[in-house]
Amino acid sequence: MSDETRVVRNDDESRYEVFADDKLAGFAAYTERGQLTVFTHTEIDDAFGGRGLGKVLAKAALDEVVERGRVIVPVCPFIAGYLRKNPGYGDHVRWPDGTSAE
């Protein structure tokens with residue numbers, strides 16, 4: 001099995017998608033409000049579990065949001081957890097009410 005992965009932004013579905021071996025392996029859904037990109041849900045298909053694809057997806061999606069000059073709002077627990085473990089995004093994150101980076 002190849003380890004070829006890629007992440008693409010699918011504007012029609014409002015989500016970032018991760019592909020492994022040319023098969024859709026998972027996605028991170030978002031909504032956009034002004035300059036905010038609100039991540040609402042992340043899911044990796046069980047058939048692709050244990051390969052680190054969630055981290056690959058999160059990094060690529062967050063990097064692309066930052067590159068576009070937008071602000072990340074991590075409502076999704078997976079994205080929030082990734083941001084807590086990877087503090088380099090701090091200047092580009094607006095935490096939802098009641099949560100923090102800690």
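How many bridges join E1 to strand E2? Six bridges do, and E1 and E2 (residues 15–20) run antiparallel. Strands here are DSSP runs of E with at least two residues, and helices are runs of H or I with at least four, both numbered from the N terminus. Two strands pair if DSSP finds at least two bridges between them.

This is a predicted model, in which local features need pLDDT of at least 70 and side-chain atom pairs count only at pLDDT 80 or more, while totals for chains, interfaces and linings use all residues. Residues are numbered from 1 along each chain as its sequence is written, and side-chain values use heavy atoms, with hydrogens and water left out.

Start with the whole protein. It has two helices and five strands. Along the sequence the pattern reads β-β-β-β-α-β-α. The radius of gyration is 13 Å, close to the 13 Å given by the globule rule for 102 residues, so the protein is as compact as a globular protein of that length. That radius is taken over C-alpha atoms, and the rule is 2.2 Å times the number of residues to the power 0.38. The C-alpha trace spans about 40 × 30 × 20 Å along its principal axes.

Now the sheet. Strands of a sheet pair through backbone hydrogen bonds, either parallel or antiparallel. Here five strands form an open sheet with mixed pairing, in the order E1-E2-E3-E4-E5. Strand E1 (5–10) and strand E5 (71–74) are the edges, each pairing on one side only. From one strand to the next, the twist averages 25°. Axes are lines fitted to C-alpha atoms, for helices over the stretch in contact, and angles run from 0 to 180 degrees between N-to-C directions.

Two helices lie across these strands. Helix H1 (residues 53–67) lies across E1, E2, strand E3 (23–33), strand E4 (36–44) and E5. H1 runs at about 135° to E2. Helix H2 (residues 77–85) lies across E4 and E5, at about 120° to E5. Contact means heavy atoms within 4.5 Å.

Asn10 is found in strand E1 and stands opposite Arg15 in E2. Asn10 counts as buried because its relative accessibility is 18%. The cut-offs are under 20% relative accessible area for buried, over 50% for exposed and in between for partly exposed, with a 1.4 Å probe and protein chains only. The side chain of Asn10 makes a polar contact with the side chain of Glu17, at 3.1 Å. A polar contact is a pair of N or O atoms within 3.5 Å; within protein, one must be able to donate a hydrogen and the other to accept it, and residues adjacent in sequence count only if both atoms are side-chain atoms. Leaving aside neighbours within four places in sequence, Asn10 is in contact with Arg15, Glu17 and Tyr30.

Thr42 lies in strand E4. Thr42 is buried, with a relative accessible area of 16%. Beyond its neighbours within four places in sequence, Thr42 is in contact with Phe27, Ala28, Leu57, Cys76, Phe78 and Ile79.

Glu64 sits in helix H1. Neighbours within four places in sequence aside, Glu64 is in contact with Arg9 and Tyr16. Glu64 and Glu4 are 60 residues apart in sequence and 19 Å apart in space, C-alpha to C-alpha.

Back to the whole chain. Of the 102 residues, 36% count as buried. Residues 24 or more positions apart account for 37% of the contacts with a separation of 6 or more.
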